[in-house]
Amino acid sequence: MRNLILKEQTWDWLVAEDVLVKPRATLHPGQSVKESLGTLDQLDISEVPVVDDDGQYLGNVHRSGMREMINNRLIRNQIKTT
C-alpha cells in the first residue's frame with residue numbers, strides 16, 4: 001500500500017473531497033467565549049469553524065487564541081485597578 005501511495009500517478013485521481021474532514025461542530029459570531037470554550041471542551045477539540053447565519057465560513061476559533069485573549073484582558077483589567 002505504501003508503494004502505491006508514494007507513486008506520483010496515484011495523486012491524479014485523488015481530489016480534496018476524498019480527504020475532506022467535516023467539522024463536528026460550528027460556532028456563530030455572536031456566541032460567547034464561555035460557550036465556545038464549552039463546545040471545544042465537550043468535543044475535546046482545539047479549534048472549530050465559525051459560520052454566519054447562511055452557513056458561510058468566516059474563520060476558525062482556536063482554544064489557545066481564546067485563552068490568550070482572556071488572559072490579556074484579565075491582565076489589563078488588573079493593571080487598571082491597581
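## Close-up views of a predicted model

The structure holds 1 salt bridge (a side-chain nitrogen of Lys or Arg within 4 Å of a carboxyl oxygen of Asp or Glu). This is a predicted model, in which local features need pLDDT of at least 70, side-chain atom pairs count only at pLDDT 80 or more, and totals for chains, interfaces and linings use all residues. Residues are numbered from 1 along each chain as its sequence is written, and side-chain values use heavy atoms, with hydrogens and water left out.

**View 1. Overall layout of the protein.** The protein has 4 helices and 2 strands. Helices (H or I, at least four residues) and strands (E, at least two) are DSSP runs, numbered from the N terminus. Along the sequence the order is α-α-α-β-β-α. Of the 82 residues, 20% count as buried. Buried means under 20% relative accessible area, exposed over 50%, and partly exposed in between (1.4 Å probe, protein chains only). The protein exposes about 7,000 Å². Carbon and sulfur atoms supply 53% of that area. Areas come from the Shrake-Rupley method with a 1.4 Å probe; for residues, only the protein chains shown count as cover. Among contacts between residues at least 6 apart in sequence, 29% join residues at least 24 apart. Contact means heavy atoms within 4.5 Å.

**View 2. The salt bridge between D41 and R63.** The closest N and O atoms of D41 and R63 are 2.3 Å apart. The pair links distant parts of the chain: D41 belongs to helix α3 and R63 to helix α4, 22 residues apart. D41 counts as partly exposed because its relative accessible area is 44%.

View 3. Strands β1 (47–51) and β2 (residues 57–62) pair in the antiparallel sense over 5 bridges. Two strands pair if DSSP finds at least two bridges between them. The hairpin has 5 residues between its strands. In the turn, G55 has a positive phi of about 85°. V48 stands opposite V61 in β2. P49 stands opposite N60, also in β2. In a regular strand the side chains alternate between the two faces of the sheet. Strand β1 is largely enclosed by the rest of the structure, because 4 of its 5 residues are buried.

**View 4. The largest nonpolar core.** This core has 9 residues: A25, L27, L37, L40, I45, V48, V50, V61 and M66. A nonpolar core is a set of buried Ala, Val, Leu, Ile, Met, Phe, Trp, Tyr and Cys residues joined through side-chain atoms within 4.5 Å. Helix α3 and strand β1 each supply at least two residues of the core. Residues up to four places away in sequence aside, V48 touches A25, T26, L27, L40, G59, N60 and V61.

View 5. L37 lies in helix α3. L37 is buried because its relative accessible area is 9%. Leaving aside neighbours within four places in sequence, L37 is in contact with R63, M66, R67 and I70. The C-alpha atoms of L37 and V61 are separated by 9.5 Å, with the two residues 24 apart along the chain. T39 is also in helix α3. At a relative accessible area of 16%, T39 is buried too. Neighbours within four places aside, T39 is in contact with A25 and L27.

View 6. D44 sits in the loop between α3 (33–43) and β1 (47–51). Its phi is near 55°, a positive value in a residue other than glycine. Most residues other than glycine have a negative phi. D44 counts as exposed because its relative accessibility is 67%.

**View 7. Surface features of helix α4.** M69 lies in helix α4 (residues 63–81). M69 counts as partly exposed, at 32% relative accessibility. M69, I70 and L74 form a nonpolar patch on the surface, with about 240 Å² of accessible area together. Patches are made of residues with over 30% relative accessible area and no salt bridge: like charges are joined within 9 Å, nonpolar side chains (Val, Leu, Ile, Met, Phe, Trp, Tyr) within 5 Å. S64 is placed in helix α4 as well. S64 is exposed because its relative accessible area is 55%.
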